Amino acid sequence: MEDWPQTIPQDLKQMLEALEEYRNPPGNQDRWGAIREWLAGLGIDAPEGLAVEEELPGVDLGHSTPAR
């Protein structure tokens, strides 16, 4: 297995810096989304046994019009 770099790869660094240019500051989920997209683009799968936080029930991140 190849060793991981000691610094952030330039293309990933640029993606993360682009998040900082948004009107609202990025949150952890925004950062994770960028990192996950970068990893997926390289064809890197999540390792088995990766610790994750429990998903919050009933949270809808989409936009919708309230029911009347």
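Biologist: Is isoleucine 35 buried, partly exposed or exposed?

Modeller: Buried means under 20% relative accessible area, exposed over 50%, and partly exposed in between, with a 1.4 Å probe and protein chains only. Isoleucine 35 has a relative accessible area of 28%, so this residue is partly exposed. The model is predicted: local features need pLDDT of at least 70, side-chain atom pairs count only at pLDDT 80 or more, and totals for chains, interfaces and linings use all residues. Residues are numbered from 1 along each chain as its sequence is written, and side-chain values use heavy atoms, with hydrogens and water left out.

Biologist: Where is isoleucine 35 found, and which residues does isoleucine 35 touch?

Modeller: Helices are DSSP runs of H or I with at least four residues, numbered from the N terminus. Isoleucine 35 belongs to helix H2, residues 28-41. Contact means heavy atoms within 4.5 Å; leaving aside residues up to four places away in sequence, isoleucine 35 touches Leu12 and Leu16.

Biologist: Which residues of H2 are buried, and why do they line one face?

Modeller: An α-helix has 3.6 residues a turn, so residues three or four places apart point the same way. In H2, Ala34, Trp38 and Leu39 are buried. Seen down the axis, the buried residues of H2 fall within an arc of 135° (taken from the directions from the helix axis to the C-beta atoms), so they line one face. Their cover includes H1. On the other side of H2, Gln29, Arg36, Glu37 and Ala40 are exposed.

Methods: Helices (H or I, at least four residues) and strands (E, at least two) are DSSP runs, numbered from the N terminus.
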